[in-house]
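Subject: Structure handover

Hi,

Here is the structure I promised you. Please open it and keep it beside this email while you read.

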Amino acid sequence: FPEMAGAEGEDSLYPIAVLIDELRNEDVQLRLNSIKKLSTIALALGVERTRTELIPFLTDTIYDEDEVLLALAEQLGNFTMLVGGPEYVHCLLPPLESLATVEETVVRDKAVESLRKISQEHSPVDLEVHFEPLVKRLASGDWFTSRTSACGLFSVCYPRVSNTVKAEIRQHFRTLCSDETPMVRRAAASKLGEFAKVLELDYVKSDIIPLFTALASDEQDSVRLLAVEACVSIATLLPQEDLETLVMSTLRQAAEDKSWRVRYMVADKFSELQKAVGPEITKNDLVPAFQNLLKDCEAEVRAAAANKVKEFCENLPEDSRETLIMSHVLPCVKELVSDTNQHVKSALASVIMGLSTILGKDNTVEHLLPLFLVQLKDECPEVRLNIISNLDCVNEVIGIRQLSQSLLPAIVELAEDAKWRVRLAIIEYMPLLAGQLGVEFFDEKLNSLCMAWLVDHVYAIREAATCNLMKLVEKFGAEWAQNTIVPKVLGMSNDPNYLHRMTTLFCIKALSEACGQEITTKHMLPVVLKMSNDQVANVRFNVAKCLQKIGPVIDSNALQAEVKPVLEKLATDQDMDVKYFAQEAISVLALA
Amino acid sequence: MELPLHCKLFLDVHLIPDSADVISAVEFSQSGEFLATGDKGGRVVIFQREPQGEYNVYSTFQSHEPEFDYLKSLEIEEKINKIRWLPQLNSAHFLLTTNDKTIKLWKVSERDKRPEGYNLKDEEGRMKDISKITSLQVPVLRPMDLLVEASLRRVFANAHAYHINSISINSDCETYLSADDLRINLWNLDITDRSFNIVDLKPENMEELSEVITVAEFHPHHCHLMAFSSSTGTTRLCDMRSRALCDQHAKLFEEAVDPANRSFFSEIISSVSDVKFSHSGRYLLTRDYLSAKVWDLNMENKPIETYQVHDYLRSKLCTLYESDCIFDKFECAWNGTDSVIMTGAYNNFFRMFDRASRRDVTLEASREVCKRRAVLRPRRVCVGRKKRESDVSVDSLDFRKKILHTAWHPTDNIIAIAASNNLYIFQDRWGMPTNVRGVFVLSFFFLFCLFC
């Protein structure tokens, strides 16, 4: 490569020269572009000059804007071949080292990510000669930014270095775990699990466990909560018989921590913890802990725990699952149904239906059904929506009929909610509900709602209602469409409100494909053509747009005989937009 | 949203002469090496301490500009309400500045190298003859004169419906709080589009509004503790561990008012204008209109020490009310060892109180008395007849000259006093903490003054 740039002559130098000059342009965007093409520059310079000139320059460019530094940190992770392959990869360490100390977290993280990546390309010797000293320098740096970056690098070099160096690395990690700044302790706590995974089991017990215990009882709750995450990894690594003595007391303490943020973290990680500690400990320890979290005084914690109800129950050991749920979990769930906080109720509503598959038909009817019914009447629309959106779980177990009497008022109320976002959400569940409830129930109770949405005063609702009709037709078939909804849709074409007349056109556009050629040509097309004489230009150009869309569905005779003249007429309309869309339709349908 | 009139009075306090140069915030960095001031014109000036001890201008930048809220038809002043330094992260320095609505994070950094060498032009910017370019040149970094740059790193906006009165950085170095008249929000320093509301005093019906938040501060060591004060003279300590929403306080520091002393002004003068945790974290210093109080976090029902700042004004409250001076918000400060407290007063006077000996002193920051390296002479305010020539009678106090903003170096006996558009820096002659000598000797000499 080194000679390539020169050999190709001056012409090929120019673009590279521009790129290099723009590395120091005043415009951030140009600098960023140049950095993103750093490999092109390096390729032109050749490996030698890249190592001796480009990399030293980049090492000192840490004054730049974050986005430039971020791009640089990312580029350097893929630079091994451009500096001459694994043999020379260590010359990428200086720029990445300086990037790993900047104040911007995203840049530091990216630099660490690239360092981790290129660490794999170091030979075992180079790793000890070049990489490991860098980790040590960072770990004992003056500023916390460098020490936090070091935390993410221990685990990548540990498996590949000699035992002496391993001992040093463990010592450095220990030091950082008791760093004076909480930022470094947090970084160490968040990497504790990852580091434990690469350590020999004996060292996990002798080194990691004391660190874990110390971090889990740190004076700052922002550190303690990160120890919960590490707990999952550590528990997975330890043999079952050691869990009780080494981990459980710390975990129990975390579940009862004074700080709600730590308890929140326990609740949030509950399923992972449950899997890590295994069925026996789950039965004895986690079930009561989970009960407490469901009854926690802080709503955020209850909501996090409520979110985990289904997963927790699912993962309980099979032999005692039903008993545990019925005697321990369900009583708490019953209380949460009437919680004072709506986030808690809504979190529960999003998972509670899942319990029916776990508990089976009889328990569902006797214990869960009353809860569903209460939630369907909840004052908060989000709770009702969450129940409705998960109806399929119950349907599989007990059939939906049991619920339909309560379901209907809940749906009607949501359909008429004053907040349009709530109406929008319920429309989106309509196809699902229709599938679950069957065509008969739907025609009888819900059809009128679906039609009413077509004339909602919010456009987003009318649009969603149109889309909903299409999905219903796909579900119930063309014949159903012709009997129930097509007449109503077409009826709106005479509405005095032009917005409603346009809705007819939007519906036709959406439905034509699902309804098929016959219905479209026979019933819909005449209405569309008639509307081409509408007084409102917006309606007329939507006629053109509609014709363009339904053209391929209509039979070709009608297209030539009926559609073509109408479009030609519209193409001479006084209104610019009408003309434009008519001409567009003519060309798309190849009618010219 | 408009506040009912009686509460609004607490909200706009600055009726001093309208000049962009008037200093509105003074704050030392954690190490004391830097001092930042903010002014009504939205500018921030940073001073660096020289090896000889003097503070020189290090960097000046425009932090906030006047804005207009089109939705509410409100002008947003550029005045810097508070400045807070972040603990040092790397070789650069970071500080938060805020006006009424928007908090900004600034980075102040040094640059001593610049790249040299272009391919297509020479250093003066003249284009080279492209045909003569036969090889590529990579720029090289060469030393240059030190350049200090201030760059805006983040803008935390749109989270406050009322005027921001406080910002405070948490000891976890990850979060900070911002308080306005009715709410306190918690931010992550890395995240600008989201903040969590941790205190909300806004009643359903604004007619029922009975108190506003005047100031809020985090505990220096415990990341879960936060204190805030209100216009009713109470200070509440909140434990953020117990709940996500800290409407229920852990402790309430309030001294019962003697019913005999009740008057129309009782509530106004009891409004807390500043709260500062001691460096040890054990005590709270609060300032109300006439006094400064030290509270032990373990005793809620009364302060352990009360210092009268200018009790002689008690008879003048009516005049002070008419001139709106009664709403002045005086700040207060601890020295590095928590043994002395300092707070401002009128007539360019500021007061210091030694906690152990209970001795106090009044000093004056004015151009007339501040001769270079001259030791400040104590001043006295007398009620009635003058006892000494140098005494000042209450009636001749100038209420337009007020010292609202004061700061004490975190470890050394160096203080910064903002008097209108002037910043005075004084240093103790002995240069060491007062409690080492065991005697409260006040011998601050004048070190430096920035006359704007």
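Predicted model: local features only at pLDDT ≥ 70, side-chain atom pairs only at ≥ 80, totals over all residues.

**Where the chains meet**

Chain B touches chain A with 43 residues, and chain A answers with 40. Interface size is often quoted as the accessible area lost when the parts come together. Here the buried area is about 3,800 Å². Carbon and sulfur atoms give 54% of it. Look for Leu136(B), Val138(B) and Arg241(B): they supply 20% of the area that chain B buries against chain A, more than any other three residues.

**Charged and polar links**

There are seven salt bridges between chain B and chain A. One joins the side chains of Arg153(B) and Asp66(A), at 2.2 Å from N to O. Polar contacts link 22 residue pairs across the interface. On the chain B side, β9 (103-116) and β10 (140-156) are the elements that give two or more residues. β9(B) gives the most, with seven. By class, this side of chain B has 15 nonpolar, 13 polar and 15 charged residues.

**A sheet in chain B**

Next, find the four strands of chain B that form an open, antiparallel sheet, in the order β15-β16-β17-β18. Which strands sit at the edges? They are β15 (213-218) and β18 (251-253), each pairing on one side only. On average, neighbouring strands are turned by 20 degrees against each other, direction ignored. β15(B) pairs with β16(B) (residues 225-230) over five bridges, in the antiparallel sense. Within this pair, Glu217(B) stands opposite Ala227(B).

Best wishes

Terms used: Residues numbered from 1 in each chain as written. Chains lettered and ligands numbered in written order. Heavy atoms only, no water. Contact = heavy atoms within 4.5 Å. Buried area = accessible area lost by both parts, 1.4 Å probe. Salt bridge = Lys/Arg side-chain N within 4 Å of Asp/Glu carboxyl O. Polar contact = N/O pair within 3.5 Å; in protein donor to acceptor, adjacent residues only side chain to side chain. Nonpolar A, V, L, I, M, F, W, Y, C, P; charged D, E, K, R; others polar. Pairing = 2+ DSSP bridges. Axes fitted to C-alpha atoms, helices over the stretch in contact; angles between N-to-C directions.
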